[in-house]
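Please open the model in your viewer and keep the sequence beside it. The tour below moves from one selection to the next and says what to look for at each stop.

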Amino acid sequence: MSVLINETSKVLVQGFTGSEGTFHAQQMIDYGTNVVGGVTPGKGGEKHLGKPVFNTVKDAKEATDANVSVIFVPPAFAADAIMEATDAGIPLIVTITEGIPTADMVKVKNFMHDKTSRLVGPNCPGVISPGFGKVGIMPGFIHSKGKIGIVSRSGTLTYEAVDQVTKVGLGQSTCIGIGGDPIIGTTTLDAVKLLMEDDETEGIIMIGEIGGNMEAEAARWIKDHATKPVVGFIAGQTAPKGRRMGHAGAIIGGKDDTAEAKMTIMKECGIRVVNSPAELGETMAKALNNKN
Amino acid sequence: MNIHEYQGKSILKSYKVPVPAGIVADTPEKAIEAARQVAEKTGCDTWAIKAQIHAGGRGKGGGVKIAKSLGEVETHAKSIIGMQLVTHQTGSEGKKVHRVLVEQGIFYPGPAEIQEFYMSVLLNRDSGKNIVMYSTEGGMDIETVAEKTPELIFKEEVDPGTGLLPFQARRIAFNLGLSGNAFKNMVKFVQSLYKAYEGADASLFEINPVMKTSDEKIIAADAKVNIDDNALFRHHDYADMRDLSEEDPAEVEAGKHGLNFVKLDGNVGCMVNGAGLAMATMDIIKLSGGDPANFLDVGGTANAQTTEAGFRIILKDKGVKAILINIFGGIVRCDRVAQGVVDAYKSIGNISVPVIVRLQGTNAEEGKKLIDNSGLKVFSAITLQEAADQVKSNI
């Protein structure tokens, strides 16, 4: 089985009728994702891309039995959209929106901590399980159904890893883009745990970057719990201290934030760390061969 | 967004956080007038003259002076305004000082002992909550304190639902060893400071030092304030606080074209879509024996125009010996980027450094054909490893 997305996934699009929402909803449908409708306040009752539009997430859930929501709402209103989906009891909320104020995400995290919904993102490419569908903005055609799980804070760098994994003939079980913001829902560790427990996943690629503690936290868990090989890469080995490298969360504050520190701890915990992002696919192929 | 001390203090003041009376001045004459007005308002007979640049360590570099007369105000203002101030944060070339903040002196004599504390408000990324970090060791570099005497640094985590609670403010004042009026003033100070942090959508407040004056007032003697860029849409009044002269001209230019650019010191320029891949591309340049000259994320909408703008910005750096363009097309179509490269060559003309273009993903083959058939001196690559090898053979 894949994780997060499977044949029972019914996907709702928040910010459905906007330009981003429209474009990517169509792409998701074309890829075979079961998009059951969308939410745009004030446009309830209309049809868009052949699917029903609702005023509220609650209405949409009641009518369609949706269990996944993907959010394309602009940054100023995105936090509210996440909390609305949480309140409606949507189990999986994938937030693509980039540029949400940090203070809003502090509120979101606090709002969600005693609720059952899982948040992926924000500022992420989303989740894809080849064969079942994609919930996000990644190009579907580079993926192939297979046995490698990928967790990453980056968008295009994930595509790079996917492409390499496809080319060495392994394919992907599920790819989870967790997002580049300082406050995100599903962490590196959360995603690694899901993939480690997944029968279909035989190896995990973990792509991190400078800033924060998430990779170290995941590495420590992997040391004690790994049942399959993990290949890791940290982007930003050449990034200067104190400068934000595109992602709001990619900034070196202290010495634990550096790529070097993270790579060291990952190696100590038994992760196969590559220095070059060009070696992700081959390293995974070798790791699986050694195991078999 | 980084702002000047005087701007940060104006935000603090609007939330009733006590700051010294002060006026900003861009000439020595205005500095004297500012000093007069500050004295009239507060009765002070000393002033602090402080260089306003976006960097810490100003005092050690000679950018902060105490004046004991209006004559000294003039002397210090003359020496600071226009100086090239070098601190541990500016790099060896330093930063030009355009204005000074003239403030009331707060080291005046009185019955109580003068003390300096450290206080900052920032996000704890692990918990997703804000913390107030503080120490009895004010006026020093906090990283040094953290290394040598970590037991003297305290943290108070704030529940987002309630904000900083009164008992937490009292705990902070107790931990700083305060009593009497100073204790009461610190409790108020911390509560106002936290409200200001939330209200202003700040990403960092660092007040070093927080002063306890000889009459038991608690005052923010310095203020490093960063505002969350993502929240600027709801603070239009802060937009004017951005001082473009403090930023790298190439970065300002890139921002106008919607490009995310960070200037570095290396010899290989790069242009990439996506922040993670951009960092990874910098890393691969280093592994190939070069040094990245920049970080440049052209974003999710890269097209011919943005490609050309990126090219022009990278080429302004005379240290650049080669350029690596790395595009993984998803929504971005590689043939459009390739067209942008060809167009840029024609319109800029005479690009003398080798350019390596690696296109992968949507329409990559079409893009590669466009480049190969253009007759230009451009090296194309498909895999990341091929691109790395091309960099190696071209520097």
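Leaving aside its neighbours within four places in sequence, which residues is A:Ser129 in contact with? Bear in mind from the start that this is a predicted model, then select A:Ser129, which lies in strand E8 (residues 126-129) of chain A. Displaying its surroundings brings up A:Ser2, A:Val3 and A:Ile5, together with A:Ser173 and A:Thr174, as its contacts beyond those sequence neighbours. A:Ser129 is buried, its relative accessible area being 0%, and a polar atom of its side chain lies 3.3 Å from the backbone oxygen of A:Ile5.

Next, select helix H2 of chain A, residues 57-64, and colour its buried residues, which are A:Val57, A:Ala60 and A:Thr64. These three lie on the same side of H2(A), because they cover an arc of only 60° around the axis.

Now show both chains and select the interface, where 43 residues of chain B are in contact with 53 residues of chain A. Between them the two chains bury about 3600 Å², with 61% of that area on carbon and sulfur atoms. On the chain B side, pick out B:Arg125, B:Met279 and B:Phe328, which lose the most area to chain A and together make up 19% of what that side buries.

For the charged pairs, the count between chain B and chain A is four salt bridges. One to display joins A:Lys241 to B:Glu143, with the closest N and O atoms 3.5 Å apart.

Finally, colour chain B by its secondary structure: strands E13 (260-263), E16 (322-329) and E17 (355-361), along with helices H9 (275-287) and H13 (384-394), each supply at least two residues of the side that touches chain A. H9(B) gives the most to that side, with ten residues. By residue class, the side of chain B that touches chain A divides into 18 nonpolar, 14 polar and eleven charged residues.

Note on methods. Residues are numbered from 1 along each chain as its sequence is written. Chains are lettered from A and ligands numbered from 1 in the order in which they are written. This is a predicted model: local features need pLDDT of at least 70, side-chain atom pairs count only at pLDDT 80 or more; totals for chains, interfaces and linings use all residues. Side-chain values use heavy atoms; hydrogens and water are left out. Contact means heavy atoms within 4.5 Å. Buried area is the accessible area (1.4 Å probe) that two parts lose on being put together, summed over both. A salt bridge is a side-chain nitrogen of Lys or Arg within 4 Å of a carboxyl oxygen of Asp or Glu. Helices (H or I, at least four residues) and strands (E, at least two) are DSSP runs, numbered from the N terminus. Ala, Val, Leu, Ile, Met, Phe, Trp, Tyr, Cys and Pro count as nonpolar, Asp, Glu, Lys and Arg as charged, and the others, Gly among them, as polar. Buried means under 20% relative accessible area, exposed over 50%, partly exposed in between (1.4 Å probe, protein chains only). The arc is that of the directions from the helix axis to the C-beta atoms. A polar contact is a pair of N or O atoms within 3.5 Å; within protein, one must be able to donate a hydrogen and the other to accept it, and residues adjacent in sequence count only if both atoms are side-chain atoms.
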